[in-house]
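Where do the charged side chains pair up? This report goes through the salt bridges one by one.

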Amino acid sequence: MQVKQFAALGAGVIGSGWVSRALAHGLDVTAWDPAPGAEAALRANVANAWPALERVGLAKGASPDRLRVVATVEECVADADFIQESAPERVELKLALHERVSRAAKPEAIIGSSMSGLLPSKFYASAVHPERCIVGHPFNPVYLLPLVEVLGGERTSGETIDAAMSFYASIGMRPLKVRKEVPGFVADRLLEA
Ligand SMILES: NC(=O)c1ccc[n+]([C@@H]2O[C@H](COP(=O)([O-])OP(=O)(O)OC[C@H]3O[C@@H](n4cnc5c(N)ncnc54)[C@H](O)[C@@H]3O)[C@@H](O)[C@H]2O)c1
């Protein structure tokens with residue numbers, strides 16, 4: 001799977017981190033966030049992360065200019081190869097958002113969620129292509145910390161999990177496959193203990 005365009009839904013702490021990491025690895029990025037002033041805040045967060053990313057090493061052609069902030073969910077995901085949702089942690093919100101996302105996305109796109117404490121089978125229940133939906137649970141700041149826990153719901157295909165693991169590795173991460181769907185996954189449970 002070749003990812004050229006990365007879409008970020010939600011551009012808060014975690015979404016901004018994904019956008020910065022994806023830009024630094026030379027991807028074209030679209031982003032959507034419904035909050036007033038979200039674009040200015042996102043661009044400021046990317047600018048703040050960029051000096052550290054330059055020190056780590058940028059991919060050829062990487063630039064914050066390759067970020068496009070758009071007005072709708074549909075526009076954000078229409079041409080994306082990989083979609084990462086980082087919206088607030090509320091099951092009804094994610095359920096409705098993912099139904100909308102999966103209707104607008106390319107059928108072959110992979111849809112990921114940054115979610116920490118919910119179960120993917122629940123909030124992907126209305127997704128059109130549940131076999132293409134995974135969780136990629138990152139750690140803050142996402143643009144520097146490489147760990148991402150990857151897991152699927154009951155209907156996620158093994159191929160999608162493998163493709164998502166490869167994509168995350170291609171943007172400098174260390175994907176950890178979580179085999180069982182449990183709230184909090186592995187690392188947060190260890191941190192909590
Ligand atoms: N903060 C962390 O350390 C951390 C770590 C790993 C995972 N996560 C997960 O990442 C997700 C986002 O967390 P965060 O810390 O970035 O929260 P945040 O509050 O900083 O950002 C959430 C963003 O989502 C936007 N938003 C509101 N409604 C939306 C909608 N309907 N669709 C899309 N975006 C919407 C908000 O305007 C805000 O900018 C959560 O699921 C959280 O559990 C957080």
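What follows covers the salt bridges and the exposure of their partners.

The model is predicted. Across the whole structure, a search finds 9 salt bridges.

Glu39 pairs with Arg43. Their closest N and O atoms are 2.9 Å apart. Both residues sit in helix H2, which spans residues 38–56. They are 4 residues apart, so about one helical turn separates them. Glu39 is partly exposed, at 36% relative accessible area. Arg43 is partly exposed too, at 34%.

Helix H4 (residues 91–104) holds Arg103 and Glu99. Again the spacing is 4 residues, about one turn of the helix. A salt bridge joins the two, with 3.0 Å between the closest N and O atoms. Arg103 counts as exposed, with 58% relative accessibility. The cut-off for exposed is over 50%. Glu99, at 29%, counts as partly exposed.

Arg68 and Glu75 also meet through their side chains. The N to O distance is 3.9 Å, and a salt bridge requires the atoms to be within 4 Å. Arg68 is partly exposed, at 40% relative accessible area. Glu75 is partly exposed, at 38%.

The distances side by side:

| Salt bridge | N to O distance |
|---|---|
| Glu39 and Arg43 | 2.9 Å |
| Arg103 and Glu99 | 3.0 Å |
| Arg68 and Glu75 | 3.9 Å |

Which residues form a network of salt bridges? Glu85, Glu89 and Lys94 are linked in this way.

Definitions and conventions. Residues are numbered from 1 along each chain as its sequence is written. This is a predicted model: local features need pLDDT of at least 70, side-chain atom pairs count only at pLDDT 80 or more; totals for chains, interfaces and linings use all residues. Side-chain values use heavy atoms; hydrogens and water are left out. Helices (H or I, at least four residues) and strands (E, at least two) are DSSP runs, numbered from the N terminus. Buried means under 20% relative accessible area, exposed over 50%, partly exposed in between (1.4 Å probe, protein chains only).
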